[in-house]
Amino acid sequence: MKIIPAIDMMDHQVVQLVGGVPGTEKIKLPNPVDVAMSWVDKGAKYLHLVDLDAAFGNEDNLDTIREIASVSSVPVEVGGGIKKESTIRRLLDAGVDRVIVGTRAINDTEWLSEMSLTFPDRLVLALDTKGGQITVKGWQENAEITLDRMMYIIKELPLAAVLNTNVDVEGQGKGIDEKWVSEFSAKCPHKIIASGGVTSQEDAKILSGYGIESAVVGVSIYTGLMEPWNWDTPWEA
């Protein structure tokens with residue numbers, strides 16, 4: 001299992017929000033490219049970039065994302081407000097390894113199917129959850145579709161993975177919700193990237209025990225609560 005540092009961008013800065021709520025920044029750093037390269041220098045084997053501005057419907061950070069992808073010596077995945085085939089194509093052409101799609105993919109499952117077939121094994125579906133329901137539009141609204149129905153729809157699609165951010169514990173530094181990890185992993189027909197609440201090696205061991213492919217970590221490594229040990233070591237549960 002891989003530990004992947006999160007680089008969330010808002011107003012051209014790196015931020016870490018509590019539960020995705022603007023104004024709750026625990027971390028604010030001025031240069032996303034420098035931050036990304038610092039994690040690579042510290043041994044990260046993969047980077048997770050999120051354009052919060054685009055997710056909230058504001059001006060995007062695509063130029064910065066393309067720069068990070070072009071200078072990074074490790075693969076990057078990118079998410080946040082990606083709703084067009086042209087954007088997916090531009091990101092992949094710029095060297096992005098995987099593109100994360102969320103709100104439009106959930107609200108328009110025919111588009112998701114078409115895009116996954118157009119870009120097989122290059123798309124990650126963000127199925128972020130709050131209170132057991134799928135949440136969209138930067139975690140601001142609940143989706144109309146149920147989680148079980150979404151799992152059925154994606155079963156045969158050629159997705160690279162499914163990203164589940166548990167918004168209930170995101171950014172709080174209190175650890176993961178193992179009960180939810182167990183429920184989500186039992187339902188999901190694809191590889192899983194977990195996010196939300198990962199604060200310790202014990203959390204990583206628990207996730208690995210459920211077969212989670214990787215974990216995106218934010219606040220806990222920025223604040224020093226969790227040391228970025230063994231970025232890609234497969235722990236035994």
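How many residues of the lining of the largest cavity are nonpolar, how many are polar and how many are charged?

Mentor: Happy to, but keep in mind that we're looking at a predicted model. The lining of the largest cavity splits into 10 nonpolar, five polar and one charged residue. That makes 16 lining residues, and Asn164, Trp180, Val181, Ala194 and Leu207 are the ones nearest the centre. How do you find such a space to begin with? Rolling a probe the size of a water molecule over the atoms shows where empty space is left. Searching the whole structure that way turns up one cavity of 30 Å³ or more, and the space in the largest cavity comes to about 130 Å³.

Helix H8 gives the most, with four residues.

Next, compare that with the open kind of space. The largest pocket has a volume of about 720 Å³. Its lining has 46 residues, with Val50, Leu52, Asp128, Trp139 and Thr165 nearest the centre. Sorted by class, the pocket lining has 18 nonpolar, 22 polar and six charged residues. Helix H5, residues 103-107, brings the largest share of the pocket lining, three residues.

Let's move on to helix H4, residues 85-93, where Thr87, Ile88, Leu91 and Leu92 are buried. They sit on the same side of H4, because they cover an arc of only 130° around the axis. What covers these buried residues? The list includes helix H3 (62-71), strand E5 (76-79), strand E6 (98-101), helix H6 (109-118) and strand E7 (123-126). Just after H4, look for Gly95, which takes a positive phi of about 105°.

Three strands make an open sheet in the order E8-E9-E10, with antiparallel pairing. Strands E8 (129-130) and E10 (141-142) are at the edges with a single partner strand each, so one side of each has no neighbour in the sheet. Two bridges join E8 to strand E9, residues 133-136, and this pair runs antiparallel. To see the pairing for yourself, find Lys130, which stands opposite Gln133 in E9.

Technical notes: Residues are numbered from 1 along each chain as its sequence is written. This is a predicted model: local features need pLDDT of at least 70, side-chain atom pairs count only at pLDDT 80 or more; totals for chains, interfaces and linings use all residues. Side-chain values use heavy atoms; hydrogens and water are left out. On a 1 Å grid over the protein atoms alone, a cavity is a set of points where a 1.4 Å probe fits but cannot get out, and a pocket is an open set with protein on both sides within 12 Å along at least five of seven lines; lining residues have an atom within 4 Å of a point. Grid points are joined across faces, edges and corners, and a volume is the space filled by probe spheres set on the points. Ala, Val, Leu, Ile, Met, Phe, Trp, Tyr, Cys and Pro count as nonpolar, Asp, Glu, Lys and Arg as charged, and the others, Gly among them, as polar. Buried means under 20% relative accessible area, exposed over 50%, partly exposed in between (1.4 Å probe, protein chains only). The arc is that of the directions from the helix axis to the C-beta atoms. Contact means heavy atoms within 4.5 Å. Two strands pair if DSSP finds at least two bridges between them.
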